[in-house]
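This briefing covers one protein model, arranged by topic. Please keep the sequence and the structure in view while reading.

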Amino acid sequence: MADIAINILGLLITLGVLVTFHEWGHYIAARKLGVKVLKFSVGFGKPLFKKIDKNGVEWIVAAIPLGGYVKMLDEREGNVPEDELAQSFNRQPVWKRNVIAAAGPVANFLLAFLVYVVMFMVGTYTVKPVMDDPVAESIAANAGLQKNQRIVSIDGIDVSGWKDVTWALVERIGQKGSIDVGVEDIYSHQQSRHQLNIANWVVDDHRPEVLETLGIKIKTDWEPQVFSVAENGAAQKAGLIKGDIISGINGQPMASFADVRNFMGSLESTSQLEVNVLRDGSEILFWIYPQKVDDRMMLGIGAYPLVELRPSGFLDSLELAWNETLRVIGLTMTMFKKLFTGEVSPKSLGGPLSIAESAGSSFSAGLVYFLGFLAMISVNLGLVNLLPVPVLDGGHLLLNTLESIKGSPLSGGAQEFAARIGLILVLSLMAVAIFNDFARL
């Protein structure tokens with residue numbers, strides 16, 4: 001129940017921010033270009049909150065948080081007083097109507113950029129792409145990838161975290177040939193290159209987990225191998241070095257670095273420890289007196305630093321945010337293209353349940369992860385609304401372009417027909433996404 005509550009909360013915050021910012025773009029553009037705004041609604045259905053400001057704009061928060069709208073003065077939707085005709089949306093030149101229509105998606109791109117700026121200033125957690133043993137007989141295993149190798153490049157492009165790796169692999173979905181993967185052993189620092197043969201690569205339509213389908217496994221549990229030794233610490237004084245594997249302490253076997261941490265956390269004194277170490281295939285016995293640091297007994301050793309926090313200054317964050325926004329836009333457009341060409345199955349589409357699940361998990365993971373998710377969904381919302389489908393902002397841009405070519409507005413019947421077709425397409429897309437949500441359950 002707690003997870004469901006967090007998912008709902010994450011979804012409400014995500015949609016509330018994205019919809020408000022999107023409609024704010026339309027609102028500001030309309031006001032600046034002299035179009036009268038009648039309503040600004042976040043959500044559909046029964047109003048939960050209403051207020052009319054000094055300009056006569058009715059501000060609404062409605063019960064169904066799956067969208068919103070800005071209602072403008074328009075002769076096609078009712079009678080307009082003679083003295084307000086100049087403020088009517090339908091009386092505006094095409095360029096003004098295009099600016100107002102495009103302002104919503106542009107606002108989403110702007111929001112993504114601003115969120116990324118904050119995210120980079122707070123600091124991004126980079127999970128280093130270190131692999132565990134690949135799945136047997138998988139594409140990764142056949143390519144020779146091994147445990148404790150860190151992925152440093154995909155197709156010649158440097159990567160620093162699992163997110164970079166995943167995005168680079170996503171771009172290759174639906175393609176053939178091979179993926180060039182550069183790796184480095186985290187202990188020996190020996191580098192090598194491997195070719196992932198993707199001729200028969202099949203991505204799960206319902207849950208397109210690219211790493212799993214390639215057989216790549218993320219390193220989550222570390223064997224008790226020493227990566228760092230603290231200067232003048234207990235381990236260094238006893239003679240331990242980088243690369244040593246702690247196989248036992250006081251007769252208790254150590255299967256992972258977590259076992260070592262848990263054992264040391266249970267100690268209450270600095271009494272001598274009998275530590276068994278594997279070095280170059282031979283077992284060596286060390287006697288170590290742990291040091292007491294902040295009421296905890298410490299050996300003075302460290303595992304490989306898997307996660308690192310990288311805060312950036314304001315100017316650097318602006319550049320990073322700009323590049324990240326462009327990268328997400330490019331990746332999203334690539335996925336749209338692959339959906340339309342059939343390279344990616346429509347079964348990979350997600351609806352409200354998928355968004356809620358992702359929102360909840362990122363919300364639980366912390367501020368940085370939620371900001372990244374929020375920015376990504378904002379870009380997706382902006383691009384979806386730019387699709388040339390009537391009833392979406394891109395559809396309005398398309399109809400306005402046809403009007404410019406024709407030299408006069410399209411007939412009322414033609415506009416109504418286009419709106420119906422657009423509504424059918426949008427509802428069909430939503431139906432597929434919702435069906436996929438329930439199929440994943």
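Which residues of H9 are buried? They are Ser354, Ala356, Ala359, Gly360 and Ser362. The model is predicted, with a protein average pLDDT of 86.

**Confidence**

- A pLDDT of at least 70 is reached by 94% of the residues.
- Among the elements of the protein, strand S7 (residues 191–197) has the highest mean pLDDT, at 95.
- The lowest mean pLDDT among the elements, 70, belongs to helix H12 (residues 412–440).

**Helix H9**

- Helix H9 covers residues 352–365, and its 14 residues should span 20 Å at 1.5 Å a residue.
- The end C-alpha atoms of H9 are 20 Å apart, which agrees with that expectation.
- In an α-helix there are 3.6 residues a turn, so residues three or four places apart point the same way.
- Among the buried residues of H9 are Ala356, Ala359 and Gly360.
- Glycine 366 follows H9 and has a positive phi, near 135°.

**The four-stranded sheet**

- Four strands, in the order S5-S4-S6-S7, make up an open sheet with antiparallel pairing.
- Strand S5 (157–158) and S7 stand at the edges with a single partner strand each, so one side of each lacks a neighbour in the sheet.
- Seven bridges join strand S6 (residues 178–185) to S7 in the antiparallel sense.
- Isoleucine 179 has leucine 196, in S7, as its bridge partner.
- Helix H4 (residues 162–170) packs on the sheet, where it touches strand S4 (149–154) and S6.
- The direction of H4 makes about 50° with that of S4.

**Salt bridges**

- The count of salt bridges comes to 11.
- One of them joins the side chains of lysine 36 and glutamate 84, at 2.8 Å from N to O.
- This pair links distant parts of the chain, 48 residues apart: lysine 36 is in the loop between helix H1 (2–32) and strand S1 (37–52), and glutamate 84 is in the loop between strand S2 (58–72) and helix H2 (94–122).
- Glutamate 84 is buried because its relative accessible area of 18% is under 20%.
- Lysine 36, in contrast, is partly exposed, with a relative accessible area of 24%.
- Arginine 76 and aspartate 74 form a salt bridge whose closest N and O atoms are 2.7 Å apart.
- Aspartate 74 counts as buried, at 9% relative accessibility.
- Arginine 279 forms a salt bridge with aspartate 244, and the closest N and O atoms are 2.7 Å apart.
- That pair also links distant parts of the chain, 35 residues apart: arginine 279 is in strand S11 (residues 273–279), while aspartate 244 is in the loop between helix H6 (234–238) and strand S9 (245–249).
- Aspartate 244 is buried, at 1% relative accessibility.
- Lys163, Asp164, Glu324 and Arg327 belong to one network, joined by salt bridges that share partners.

**Serine 256**

- Serine 256 lies in the loop between strand S10 (252–253) and helix H7 (257–266).
- With a relative accessible area of 6%, serine 256 is buried.
- Leaving aside residues up to four places away in sequence, serine 256 touches Asp221, Trp222, Glu223 and Pro224.

Note on methods: Residues numbered from 1 in each chain as written. Predicted model: local features only at pLDDT ≥ 70, side-chain atom pairs only at ≥ 80, totals over all residues. Heavy atoms only, no water. Salt bridge = Lys/Arg side-chain N within 4 Å of Asp/Glu carboxyl O. Helix = DSSP H or I, 4+ residues; strand = E, 2+ residues; numbered from the N terminus. Buried < 20%, exposed > 50% of the residue type's maximum accessible area, 1.4 Å probe, protein only. pLDDT = per-residue confidence, 0-100. Contact = heavy atoms within 4.5 Å. Expected span 1.5 Å × (residues − 1). Pairing = 2+ DSSP bridges. Axes fitted to C-alpha atoms, helices over the stretch in contact; angles between N-to-C directions.
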